[in-house]
Amino acid sequence: MYDITGYHEADSLATIFKIIKADPKAKVIAGGTDVLVKARERKQDFIATQLIGITRIPEMQGITMAEDGTLSIGALSTFKQVEKDPLVQQYIPMLGEAVALVGGPQTRHVGTIGGNICNGATSADSAPTLFTYNAILEIHSEAGVKNVPIADFYKGAGWVDLEPGEILVRIKIAKADYEGYLGHYTKFAQRKALDIANLSCATLIKMAPDQTIADLRICFGVAAPTPIRMPQAEAFAKGQAINDATLKTIGKYCLADTNTRNSWRASKEYRDHLVQIIPARNILAALKEDQ
Amino acid sequence: MAKNNVIGKTEQRWDAIAKVKGQAKFTADFPINHKLHAKILRSTIAHGYVTAYDITEAEQMPGVVKIFLPEDLPQNKFGTAGHPWSMVPAKRDIEDRTLLTRHVRVYGDDIACVVAKTELEAIRALEKIKVTYEKYPVYLTPKAAMADNARRIHEERDNVIADTSVGYGDVAKELKAADYVIKEHFHTPMQQHVHMENQVAVAWQSEDQRWTCISSTQIPYICRRIIGQAVGIPWSQIRVQKPFIGGGFGNKQEVIIEPLVVALSMACGGRPVEMNLTREESIAYTRTRHAIDYDLAVGVNKDGSITAIDCNVYSNQGGYASHGHAIGGKGGTFINALYKTESLRYAAKTIYTNVATAGAMRGYGIPQVMFALESIMDDAAEKIGMDPIDFRIQNRRPEGFLNTLSHVQQFNFKIDKCLEKGREAFHWDEKLQDSLKYKTGSKRRGVGVAGFSYGSGTYPFGLETAGARLTLMPDASFKLMLGATEIGQGADTAFSQMAADTIGVGYDKIIRDAMSDTDIDPFDTGSYASRQTYITGFAVQEAAEKMKQKILKRASEMYDIRPEYMDIVDGNIVYSHNDQKIADLADFAMSSFYDMEHGRAIVAESSVNIHNNSYASGCTLAQVEVDIETGQIELLSVMNVHDSGKIINPILAEGQVDGGMAMGIAYGLSEGVRYNEAGKPLNNNLMDYKIPTTMDLPDLDHTFVESEDPLGPYGNKSLGENPLCSPAAAIRNAVKNATGVAINSNPLASQHVFEQLKQAHVI
C-alpha cells in the first residue's frame, strides 16, 4: 500500500532541480525497485511524499565510449541494458556478469545502475565491480557538474554523498582501468536468483608477461558498511606468481582489510571464512575464463 | 474402478482457460460496493499483557470508521483448526483464543483492529495507536516452555497441552538385545506455506439479514461452523463462499481471519468489511509447520533386522493450540507402517511456546518424522554396512499388514516396489559409484535415499464424510456440485473425470463451478489430508452411479427395455451385451425435461461416510555435490517415486509431485522462519524466507508405481501431500554420503553446513 502524494514526470535535469527546490523531500524515482519497496515498507522518508520520475532524461541514457576510450554509462541504463550492451561485454564484462545477478528478470528490466549506486547498499551487485574499475560518478546539480570517485561517494550504510538536488547522471570508467584486466564477480547468496548477497566480491587482475600479477583489485560488498577495497591484499599481490601460497596470503590480507558484521543473515565467523576463500576462487575463475 | 477410459487420461483442467485469460475471480476480485477495510494492530512483544491502549489520536485520523479493542467484540473462545466438529467433547480441538486479545502469546498477536474507508487510512491510523505492555518471559522452544518455573502461556492449562505414548513390545529390552543401538537427536524447522494468494476475506450482511463471507478457504463448511462459534450466532445464519483460490497448503485449513471479518461487519452495521493480509503478516502471523525435536533410538542387528524403534517427540505448538497434538502425535502410525520391528515406542508431547502458532501444513507432521526416521534408518544401515535401499526393502512391512496403531490394514502397500523402481530409474548404483571419484578436494559428491508412508484421509482418527450432487442438463451435460474444495490442485478436474467415467460420458460433459457455497453445495469437510480424490471420490462415484441408474430406469420406461439390459457408453444409451445404440443420451435428456409423459428432471445425490483408508508410500533419491569450503550444496539430481494407486489425471498428478518435491527440497535445504531472542520474526518476507527459485532446483524427476488400489474409489489413493515427505531426509543422507558428516537439523543452508563440517573437522 503506497502512500504517494504526487507524481511529476521530469523531461530535463533542470525540471528535476526546480521541483526539488520547491519540495526538497520529493523523491527521485527511476526503476522504482528500491524506492517503491521502501515506500511499501513505510520507511520514514518514503511516505506521504511526492515522486519525481526521471526515466525520460536524455543525458542519463545510453552507454558510449569517448575518443580516449573512456566508457560512459548513463545512470538510467537498466541492469538488462548493461548486461546486454556490446561495449560492456567487450571491455568490462565483469560488470555485465555482476548486474545479471541482480534480483530476477523483472527487476533487471526496470532497475537502473544509477539507482543501484545511489541506494547506498553495501550489497548492491554493481558496486564492488565499479569500485574495482575505479568508476567516476558524474553528478549534476543546479550549481554545475562534479566528478566523484565511487570510493568517495559511499559514506556509510545506506548513506551516499548526494544532496537533495544532486543527480547522478553518468558513470565513467577510464581506459587504463579496464584495459588488460580480467575479472570475476561472486555473489554469495542463499539462492541463485532473487536474493541479496551475504557477501560479494569483485576481483580484477592484470597479469605481467612473466606470469606474475601486475595488478590486482579486490572489492567486497557486505564485508563493511560500504563496499570496500582490499589495499593490503592488492599491494601484496603485485609481482607475485599465482600459486597456493599467494592465494592463501591474499585471503589473509583480505581478512585484515575487511570489517564483517555478525547478523542473523550470516555470522561474522562465516563471512570471515568466505572472505579468505572467495578472492582466490575469483582469481582462478577470471584466469580460466580467459583461456 | 475406471471403465470408460476417462480416468487415467490427461484432461485439460476445466479452469485453465479462465486462469490464463484472467477471468478467474479470486476473493479480492469481487466488486462489492461501500466496502470497508480492516487492519489488525499486532503486538510488538511475544509474551505479555496489554495494560493500556491510547486511541485518541488514531480515532481522529481521516477515514477511520471505528477502532476495536478486544472487549469491543464477542468474547467467545474458539479454536481455528479445520477439523470436522466432534460430537465427543474430549476429542474437540482446544478452544483457546478470542477474536482480539490483551493476552499476548506470540509476536504479532491480534491486539486491536482498525476499520477505515481505505486500507491506507487503516494503516495510517494503526500507526497512531499507543500500547502499554506488561512483559512476560519469552519461551521459544519446548524445552524453555517446559522448564519447572515457566509461566503458563494460557492460564487455564499447562504448557504441555498433550502427552501421549503408543507402541508395542518392550523397547528397553529389545534395545539391549540389539547388536547395535543408534541414538540421535533431530530438529526440524518451522516451514511456512507461502501460498501465492495471502489470506483474504470479505463479509457483509446479506439481503436475508444473514451473514455472507467470501473467503480464500480450503474448508468452507468448517469455516461456517467456526465463524458461528466465535461470533456466537447459529451456524445457519452464516453463508461461506469459496471462489478460486491461490493455494493453501494447509494454512487455509485454518479459520484465521473470517470470524473477525464477520464480527467487524456486524459492528459496522452490516457494511462489507474486507481484510487482506500482507505477505509479511501471512508468513509470520498465521500458521507454520510445527518445528519438532526427536530423540530417536534404533536397535539393529548385524543381519539387518530391527529390534526396537524408540521415539520421543517434542512438538513446538507456538502460542495457540490450533491443530495441536494431531500433528506431533501422528508419526507413530507411519513409522509402524514402514518398518518391521520387534518393539516400538512413540511418545509425543505438544508444547505451547511464544513462536508463531503451528498448524496444518502439507504433510501434516510426516515430513518431520520422516526426516528423523529416514535419517536414523540410513545411519543404521551404514552401521551394519548394508546398502540403504536393501535395508529398507528387507525391513518393509509385509503385504496386508495390520497396523495396530491405526487399525488400518495395509493392502497394496508398495514401498519396496518404489525403492526398486527408483534404484533403476535414478541410476542409483552408477551415481553411487561415480561419487567415489569425488571424495577429496573441495567438491564432494554423494547419493541418498529416504522413504515415507502417508494416509488417504484421516480415518479412523477423523470423520470422513463427503457429498455430491449431479443434475442432468437438457443436452446431456451434467452439473456436478460438491462441497469439496478446489484450491489449485486440480481436484475439480479429477472429480469431473470420475463422474464422466462412471456415468459413461466424455469429460467435457461435466460442468463444475468455480464457487463452492455452503448454502448450495452438498456437505463436505473440505481440502486436507490428501482426502478429496479418495473420500469425495466415493461420493462422486455414488452420485454418478445413482444418476446412471435413474437414467436407465427412465429409459426403460421410455424405450420399453428392461434397465439391466442397458448401459451408457460414450454418451449413448446402448444394449450392454453388444453396445448397440438405443438412444442418443442428448435426446433422452431433452425428453427428461420436456416430454409430456416422461418429463421429470433428473437429479442424483450422495452423502458418504468412509470407514477405510489406503496407505500410500514412496521415496526420494537424491544426488548432491557439497562445496566443503563454503558449505553450499548443489542438488545435482533428484527423483520421487510414488505408490499412489491409480493416477486419475497424469498431468495433474505430475504437477502435484513437482510442487511437493520443490517444497520438500526447500524444507531440506533453505526454508525456515527465524526469530530473534525476543521472539520477533526476522525473515517474514520473500527475500529472506528462502523459497528456492527454478534456478535452485534441478529437474524434478518422478515416476509412479501405478496399481489399482483395492479400496480406493477409482483404484486411487493419496498423492497431494506425499511428494514433500521424503526429499529432506534423502538430501541429508546424500550429504552424509558425500562428506561423512550426518547433519541432523534442517534446513541445510550453507552456513549451517559450514558449521557442521567445521565441527566435524572436515574444514
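Mentor: Two residues are in contact if their C-beta atoms, placed from the backbone, lie within 7 Å. This is a predicted model, in which local features need pLDDT of at least 70, side-chain atom pairs count only at pLDDT 80 or more, and totals for chains, interfaces and linings use all residues. Residues are numbered from 1 along each chain as its sequence is written, while chains are lettered from A and ligands numbered from 1 in the order in which they are written.

Trainee: How many residues of chain B are in contact with chain A?

Mentor: By that criterion, 18 residues of chain B are in contact with 15 residues of chain A. Helix 3 and helix 20 (750-759) of chain B each supply at least two residues of this side of chain B; helices (H or I, at least four residues) and strands (E, at least two) are DSSP runs, numbered from the N terminus.

Trainee: What classes make up the side of chain B that touches chain A?

Mentor: That side has 8 nonpolar, 5 polar and 5 charged residues. Ala, Val, Leu, Ile, Met, Phe, Trp, Tyr, Cys and Pro count as nonpolar, Asp, Glu, Lys and Arg as charged, and the others, Gly among them, as polar.

Trainee: Why are E121(B), A122(B), R124(B), A125(B) and L126(B) of helix 3 called buried?

Mentor: They are called buried because 20 or more other C-beta atoms lie within 10 Å of the C-beta atom of each. Exposed would require 12 or fewer, and partly exposed lies in between, with C-beta atoms placed from the backbone.

Trainee: Which elements do the buried residues of helix 3 of chain B pack against?

Mentor: They pack against strand 1 (36-42), helix 2 (56-59), strand 3 (64-68) and strand 5 (110-116) of chain B.
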